[in-house]
Amino acid sequence: MTNIQYSDDQYEMLREVINLAMGHAGKNLATILNAFVDLSVPEIQIIEAANIAEKVLKESVFDESERVNLFRQNFNSMSFMDGEAIVIFNNETRQKFAQILGVSGQMNSMEEVDFMLELTNLMVGACMNSISEQMFDQKMSFSPPELLSENSVLRNIAYETFKRRNLKWEYTLLSKITFVLKDRSFKSDLLIFISEKAIQAVNKSLNKMLADYE
Amino acid sequence: MPLSVLLVDDSKFVRKGVSKALTSILSGQDLVFSEACNGNEALGLLYANSYDLVFLDLTMPEKTGYEVLTALKEKGIKSNIIVFTADIQPEAERIVRSLGAVGYMEKQSNFNKEALMKVLQEINLL
């Protein structure tokens, strides 16, 4: 069990770090979708594994009865910062990819999944590299993104994915970033789970950053 | 007359960073700082007072910087507003300038003093 709780100042500093990271991911997303992306304030909290599903459902941009597609990608940097990211797209967004990209006709199912894998890689890569560079002056390594589940009801898949026995840690530092296109044709949640071990490394880095403001 | 500056950002560290940089760049000038940590607070202050310079974040709780700019434009309130943001989409700069912002600065992990000096020169404050 972790005995680390971040102070209000640490959370505020971390929110600004993630805010910058979100800006990079938003820029990449805007470029690939050729559209303007609405960014919102990221949510961050150290949370007990048993409470993750409820937290994810409560803060998701999606209604818990919506059918969604989940993608996962692991990341690490020199062993002191590791975790996994989960990206959620709803079916409504998935069905609009061709329209958003201005492609004539519909994409087939495999093309849709490929595109969501590409978006996952792009969002996770931009975000996590920015966080790692700001906090540890390092780039990250990533596993290839993988499809976790498609066309699943969010409520069901959240409880299934975040079942206590499926998780490697007791606690995680969870950050949630939502990306929405101005015309609401695209919605996505990016969930970043920082491992229990890395919470300590982030804590040290935040203290260093805070010292600059004393 | 001192230069009145309003700093609007939900991070006190950003507000602190901007005030420190401004104090150093405009060292010969008397500066009076006011602060707001969300869009609603900012609008309250901007409706009631006039400022020589405003630094405005875009991604904030309650009301975003875009909403602040839109509300000011609708009311015909003009101010020297410099948007200071992590929203670095090319379209973001075009939108905020069309809503009346006179400057646009990208947030970076280390405060970019040169970029601030350039923006201040553009609006003849340096």
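In this predicted model, the buried residues of helix 1 of chain B pack against helix 1 (8-33) of chain A. Within chain B, these residues also pack against strand 1 (3-8), strand 2 (31-36), strand 3 (53-56) and strand 4 (81-85).

**Helix 1 of chain B**

- The buried residues of this helix are B:Val14, B:Arg15, B:Gly17, B:Val18 and B:Leu22.
- Viewed down the helix axis, these buried residues fall within an arc of 165 degrees, and therefore they line one face of helix 1 of chain B.
- Helix 1 of chain B comprises 14 residues (residues 12-25), which at 1.5 Å a residue should span 20 Å; the end C-alpha atoms are 20 Å apart, in agreement with that expectation.

**A:Asp137**

- A:Asp137 is located in the loop that joins helix 5 (109-136) to strand 5 (141-142) of chain A.
- A:Asp137 counts as exposed because it has 10 C-beta neighbours inside 10 Å, and the cut-off for an exposed residue is 12 or fewer.

**B:Glu62**

- B:Glu62 occupies the loop between strand 3 and helix 3 (65-75) of chain B.
- B:Glu62 is partly exposed, since 14 other C-beta atoms lie within 10 Å; a buried residue would require 20 or more, and an exposed one 12 or fewer.

Notes
Residues numbered from 1 in each chain as written. Chains lettered and ligands numbered in written order. Predicted model: local features only at pLDDT ≥ 70, side-chain atom pairs only at ≥ 80, totals over all residues. Helix = DSSP H or I, 4+ residues; strand = E, 2+ residues; numbered from the N terminus. Expected span 1.5 Å × (residues − 1). Arc of directions from axis to C-beta. Contact = placed C-beta atoms within 7 Å.
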